[in-house]
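Student: Please take a close look at one part of this structure for me, and go through it slowly. I am new to it.

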Amino acid sequence: MRNWIFQRFGLEAHKTSVKQELLAGTIGFITIVYIIAVNSSILSEAGIPLEAAMLATIISSFAGCVLMGLWGNAPIMLVPGMGINAMFTYTLVQSMGLSWQEALAVVFVSGILFTVVAVTRLSETLTVAIPASLKDAITVGLGLFLTLIGLEKGGLVIRGEHSLIALGHMGDPYVLTTLGTLFITVFLFMRNVPANFLISIVLGTGLAVLTGTVDISGIGTSGISLGDYSQVIGAMSFAKIGTLTFWVAVFSLTMVLVFENIGLVHGHLSMTNTPDKFRRSLQSNALSAISCGLFGTSPTVSTVESAAGIAAGGRTGLTAVTSGVLFLVAVLVLPIIKLVPGSAIAPVLMIIGTLMLSNVKNIDFGDLSEGFPAFLVIVMIPFTYSIADGIAFGFIAYPLLKVVLGKSRDVSRPLYVIALLFLLHFALQS
C-alpha cells in the first residue's frame with residue numbers, strides 16, 4: 001500500500017512524504033471545515049433542508065477533493081465556493097425565480113460547459129477575451145455582496161420598508177451576540193491564529209448559547225437523518241430548460257466558475273511551482289462542479305484555504321484526498337454543526353468579503369473606459385441583489401464606452417457577443 005501511494009502521487013519526485021502530506025491535508029481541512037455550517041446556512045435560504053444541505057456540502061467536498069487528488073494530483077481542496085453559493089440562493093432562486101431544484105439543474109449544465117472549456121482551448125480564449133478590470137470587479141462585487149449578506153444574517157442591517165437598508169436593533173441579544181462574535185473573529189484573524197474561522201464559529205456558538213439565542217436542549221437526542229437528503233440528491237429539475245431565464249442563469253454561473261477557478265488554480269500551483277498540473281487540475285474542478293448538481297449543492301471551487309495546506313508542506317494530491325476523507329468523518333458531528341447560528345456565521349462572511357475587496361487596487365479608475373464598467377459591476381451586484389445583473393451592467397458598458405471613445409479595437413469579439421447576450425436578457429425582461 002505504501003509503495004502504491006508513493007508511485008500514485010509521486011511523493012519522491014515532489015520531495016515529500018506520507019506524513020507530510022497527511023499533516024498538510026489535516027491542516028487544510030481544519031481551515032475550511034467551517035464551510036459545512038456556512039454553506040448549508042446559505043443553501044437553506046434557497047429552500048434546501050438544512051441537514052440535507054450539510055450532507056450535500058460534505059459529500060460534494062469529499063468527492064471534489066478526492067477527484068482533485070487522484071486526477072489533478074494537486075494539493076487543492078474543492079469545496080462549495082463562497083460567493084457562488086450566494087449566487088445560487090440569492091440570484092438564481094430568489095431574484096430569477098428558479099426553484100432550488102431548477103437551480104441545481106443550472107449547476108449541472110454549467111458544470112458541463114465548464115468541462116468543455118477545461119478540456120479545450122476555450123479556457124485560454126476566454127481568459128484573453130475578458131479584460132482584467134472586469135475580472136477584478138466581479139471579485140470585488142462578490143465581496144461586497146457577501147458582506148451585505150453577513151450584515152443581514154447577523155441582524156446588523158435590515159432591508160427597510162422606506163429605505164434600501166436600515167440599521168438593525170442594536171439592543172437585541174442576537175445582534176449583540178453577532179457584534180461579540182465579530183470582535184472575536186477579527187481578533188483571531190488579525191493574530192493569524194491557525195483555524196481562526198473554525199475557532200470563531202465555535203466561540204460564537206458558545207456565546208449564542210450564553211445569551212440564550214441558541215437552544216441546546218435535545219442535542220443528545222438529535223441524530224443524523226438521511227430522509228431529507230434523499231429528497232435532495234438527484235433532485236435536479238429541467239422544467240425551465242427551454243426558457244431564457246434558465247440559460248441566462250447558466251451563462252452567468254459558468255462565467256463566474258471559469259474565471260474564478262482559472263485564477264485560483266493558477267495561484268495555488270504557482271505556490272508549489274507545478275504549472276504543468278494546471279490543465280488536469282482545472283478539469284478536476286469542472287467535473288466536480290457537474291457532480292454538485294447531482295449531490296444537491298452550489299458548485300465547488302478551488303478554495304483559497306488550500307494555501308494553508310500548501311504552506312504546511314502539501315505538494316501532491318494526497319493532501320487533497322486527506323482533506324476529503326476528513327470531510328466524510330465530519331458526518332458524525334452533524335448534530336453539533338446544526339446548532340451554529342447566523343450570528344456565528346455572519347462575521348466570517350464579512351471578513352471573507354473584506355479580503356475579496358483587495359482586488360479593487362488592480363483596477364485603473366484613472367481610465368474611465370476601464371474604471372466605470374468595473375465600478376458598475378462592483379456596485380450593481382449588491383445594490384440589485386443579483387450577481388448576474390451586476391455583471392451584465394459592466395459587460396454591456398465596457399464595449400459601449402470603448403466604441404464611443406474610438407477604442408473599439410480594445411474589445412475582443414467574444415466580449416461583443418457576451419455584451420449582446422446580456423443586453424438581450426434585459427430587453428426580454430422589460
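Tutor: The lining of the largest pocket draws at least two residues from each of α2 (18–32), β1 (78–80), α8 (132–153), α10 (196–210), α12, β4 (300–302), α14 (306–311) and α17 (342–356). Helices (H or I, at least four residues) and strands (E, at least two) are DSSP runs, numbered from the N terminus. The model is predicted, with local features needing pLDDT of at least 70 and side-chain atom pairs pLDDT 80 or more, while totals for chains, interfaces and linings use all residues. Residues are numbered from 1 along each chain, and side-chain values use heavy atoms, without hydrogens or water.

This pocket has a volume of about 1,100 Å³. A pocket is an open set of points on a 1 Å grid where a 1.4 Å probe fits, with protein on both sides within 12 Å along at least five of seven lines; lining residues have an atom within 4 Å of a point. The volume is the space filled by probe spheres set on the points. Of the 42 lining residues, L264, T303, V304, E305 and M356 are the closest to the centre. By class, the lining holds 27 nonpolar, 11 polar and 4 charged residues.

Helix α12 (residues 244–272) also packs with helix α5 (residues 84–93), at an angle of about 165° and with axes 11 Å apart. The two helices are therefore roughly antiparallel (over 145 degrees). Contact (heavy atoms within 4.5 Å) involves I84, M87 and L92 of α5, and A249, S252, L253, V256, L257 and E260 of α12.

Definitions and conventions
Axes fitted to C-alpha atoms, helices over the stretch in contact; angles between N-to-C directions. Parallel < 35°, antiparallel > 145°, perpendicular 65-115°, else oblique. Nonpolar A, V, L, I, M, F, W, Y, C, P; charged D, E, K, R; others polar.
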